[in-house]
Amino acid sequence: MRSFDTFQPGQVVGSVTIPVGAAEHSQWDSLFPDTVHYHRSLAPGLVISIMMRGYIHILGERPQGNVHASQELEWFMAAPGDEPLVVTLKCVKKENKDGRRWLWLENSVSTGGGKMCLKGMMRMLWAA
Amino acid sequence: MANGEARTFELLQISSQSFGAREVAIYGQLSQDHNPIHSDHDFAAKTPFRHPIVYGFLFVMPIWEAIERTFGVEALSSSKASIRFQRPLLVGHTAHYASQVEETGDGSVLVFRITAEGGAPIAVVQVLLSSLAQARGSH
């Protein structure tokens with residue numbers, strides 16, 4: 001499990017390629033059946049879910065008690081519905097203030113061809 | 001308020017939405033986030049919340065759906081959002097959404113305030129939507 005001390009600002013923590021197929025579309029549609037998606041492009045929320053899957057895959061087990069305090073999101077283009085997505089996690093900043101361990105983690109989602117779809121910035125209170 | 005703005009506001013109303021164990025389980029599969037605080041009653045009972053809590057991203061999802069329904073699938077391209085989580089939503093509870101357009105130094109921003117039963121604030125979401133800027137610029 002990664003501790004706060006192992007994160008280095010500017011360091012890419014990891015990257016993973018995630019295929020998005022029928023299972024993911026079906027799960028999304030069962031969550032939000034009122035919105036019709038034609039699967040040519042992915043629903044924005046589905047892309048966020050994939051972004052989080054990448055985050056979890058890259059980090060593995062995380063300290064219990066982590067707090068996701070805030071989140072910034074920036075969309076660049078709709079993610080295509082027919083190709084894998086690449087999630088890359090980078091540590092942007094860390095700060096230990098009054099015993100609270102704050103991390104800023106950038107989580108980006110791009111196509112296999114390198115086109116940026118979504119970039120997220122998580123501000124986390126890291127528990128260990 | 002111009003007619004176009006009024007129409008946009010009306011379309012972006014989101015009805016309340018409940019998030020039970022079923023929705024939490026599906027999102028858990030989708031995101032592969034299996035933190036027991038979202039699904040394990042015994043585990044959650046030992047936390048300050050004493051009850052499983054809904055994934056923060058999950059109860060925000062209806063906002064992206066509403067924007068897509070209103071402005072189209074490309075609406076969020078070139079747009080930005082910020083989410084401030086204030087407190088968790090307990091599994092089985094209902095999230096209520098209130099939206100309005102606010103003027104800021106960066107332009108027109110869609111602001112969604114999400115509350116739990118009893119009006120307790122659980123998150124504020126601000127969306128700087130390029131489509132909104134274009135729509136307002138045309139009036």
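What share of the contacts in chain B with a separation of 6 or more comes from residues 24 or more positions apart? The figure is 62%, with contact meaning heavy atoms within 4.5 Å.

Some ground rules before you click on. This is a predicted model, so local features need pLDDT of at least 70 and side-chain atom pairs count only at pLDDT 80 or more, while totals for chains, interfaces and linings use all residues. Residues are numbered from 1 along each chain as its sequence is written, chains are lettered from A and ligands numbered from 1 in the order in which they are written, and side-chain values use heavy atoms, without hydrogens and water.

**Stop 1: chain B.** Colour chain B by secondary structure and you get five helices and five strands, where helices (H or I, at least four residues) and strands (E, at least two) are DSSP runs numbered from the N terminus. Walking along the sequence, the pattern reads α-β-α-α-α-β-β-β-β-α. Of the 139 residues in chain B, 47% are buried, that is, under 20% relative accessible area with a 1.4 Å probe, protein chains only.

**Stop 2: the largest pocket.** Select Asn66(A), Val67(A), His68(A), Asn35(B) and His38(B): among the 36 lining residues, these lie nearest the centre of the largest pocket. A pocket here is an open set of points on a 1 Å grid over the protein atoms alone, where a 1.4 Å probe fits and protein lies on both sides within 12 Å along at least five of seven lines; lining residues have an atom within 4 Å of a point. The volume is about 910 Å³, counted as the space filled by probe spheres set on the points, which are joined across faces, edges and corners. Next, show helix H2 (44-59), strand S2 (67-75) and strand S5 (116-125) of chain A, plus helix H2 (21-31) and helix H4 (56-71) of chain B; each supplies at least two residues of the lining.

**Stop 3: H2(A).** Keep H2(A) selected: 15 of its 16 residues are buried. From first C-alpha to last, H2(A) reaches 23 Å, close to the 22 Å expected at 1.5 Å a residue (1.5 Å times one less than the number of residues).

**Stop 4: Lys115(A).** Finish in the loop between strand S4 (100-111) and S5 of chain A, where Lys115(A) lies. Is Lys115(A) buried or exposed? Lys115(A) counts as exposed because its relative accessibility is 54%, and exposed means over 50%. Leaving out residues up to four places away in sequence, Lys115(A) touches Met77(A), Val109(A) and Ser110(A).
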